[in-house]
Amino acid sequence: IKTLAPDGRGGVWAGTDGGLSLFKDGRFTTWRRADGLPSDRVQALALAADGTLWVGTADAGLARFRDGSFEAFGRAEGLATPEISALLVDRAGTLWVGGLDGSLQRLERGAFRAVWERRGAFRVNALVEDRAGGVWVGGPGLARVRGERVDLPPAGHPLAQAQVMSLFEDRESSLWCGTYRAGLARLRDARFVGFTAAD
């Protein structure tokens, strides 16, 4: 299992190396390439307010699952990479697409638009929207995007050398960052606090 997402109706979507599964009412239903999924290697999921499920795959781009069928998006539709690593639907309904190659795009008015040109330098591992409307991007370090402004971590940043793998904002607007081999970090009131196995 690579990723999980609620379906909004009491079920849970699971993206796996064997396709897309929905766990609901005690049973699994699974969709694979034979059912129209572009690839069985599902890396990222994001649910839109209208019930549309966006599915990011490891090797075949993006799919939109709606009304029981898949619509695929790849380079021909403007997608930067077929290797999707993170997805987010923000409160405005905009889809954000992060790639293993460091690409970050937004789907705006039917077209994929680059948020930055850092491909090859910043693998996008995680995306989360904060209460102020900014989008935090986890990768080798941490970045924040708000509107057209992109704030990248300075060299001395506490997470500048860490691989940020997961992000979560709690009810107090604290940002929690799960890292690979660098523990857990909390950003609150512009101050980072780190937690390791010693804690």
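Predicted model: local features only at pLDDT ≥ 70, side-chain atom pairs only at ≥ 80, totals over all residues.

Where in the chain is the place of Asp25?

Modeller: Asp25 sits in the loop between β3 and β4, the latter covering residues 27-31. Its backbone has a feature worth a look: phi is positive, at about 55°, although Asp25 is not a glycine. The relative accessibility of Asp25 is 75%; because exposed means over 50%, Asp25 counts as exposed.

Asp67 is found in the loop between β7 and β8, and with 78% relative accessibility it counts as exposed.

Phe23 is partly exposed, its relative accessible area being 37%. Together with Ile1, Leu4, Val12 and Phe28, Phe23 forms a nonpolar patch on the surface. The accessible area of the five residues together is about 540 Å².

From there we can turn to the aromatic rings. The structure holds 8 aromatic pairs. In one of them, Trp13 and Phe65 have ring centres 5.9 Å apart and planes at 85°, so the pair is edge-to-face. Trp13 belongs to strand β2 (residues 12-16) and Phe65 to strand β7 (residues 62-66), so this pair ties together parts that are 52 residues apart in sequence. Both partners count as buried: Trp13 has 7% relative accessibility, and Phe65 has 8%.

Another edge-to-face pair is made by Phe73 and Phe112, at 6.0 Å centre to centre and 75° between the planes. This pair, too, links distant parts of the chain, as Phe73 lies in strand β8 (residues 69-73) and Phe112 in strand β12 (residues 111-116), 39 residues apart. Phe73 counts as buried at 10% relative accessibility, and Phe112 does so at 12%. Elsewhere, ring pairs link Trp13 and Phe65 with Trp31 and Phe70 into a cluster.

Leaving aside neighbours within four places in sequence, Phe112 is in contact with several residues, including Leu62, Phe73, Leu79, Val97 and Leu107. In soluble globular proteins, nonpolar side chains tend to be buried together. Here, the largest nonpolar core has 14 residues, and those that touch the most other members are Trp54, Leu62, Leu87, Leu95, Val97 and Phe112. Strands β5 (42-47), β9 (84-89) and β10 (95-99) each supply at least two residues of this core. Of the contributors, β9 gives the most, with 3 residues.

One last stop is Arg188, which lies in strand β19, residues 184-188. At 30% relative accessibility, Arg188 counts as partly exposed. Apart from neighbours within four places in sequence, Arg188 is in contact with Glu172 and Ser174. The C-alpha atoms of Arg188 and Ser173 are 7.3 Å apart, while the two residues are separated by 15 residues along the chain.

How values were computed
Residues numbered from 1 in each chain as written. Heavy atoms only, no water. Core = buried A, V, L, I, M, F, W, Y, C linked by side-chain atoms within 4.5 Å. Buried < 20%, exposed > 50% of the residue type's maximum accessible area, 1.4 Å probe, protein only. Helix = DSSP H or I, 4+ residues; strand = E, 2+ residues; numbered from the N terminus. Contact = heavy atoms within 4.5 Å. Patch = residues over 30% accessible without salt bridge, like charges linked within 9 Å, V, L, I, M, F, W, Y side chains within 5 Å. Areas by Shrake-Rupley, 256 points an atom, 1.4 Å probe, with all protein chains shown as cover. Salt bridge = Lys/Arg side-chain N within 4 Å of Asp/Glu carboxyl O. Phe/Tyr/Trp six-rings, centres within 6.5 Å; stacked < 30°, edge-to-face > 60°.
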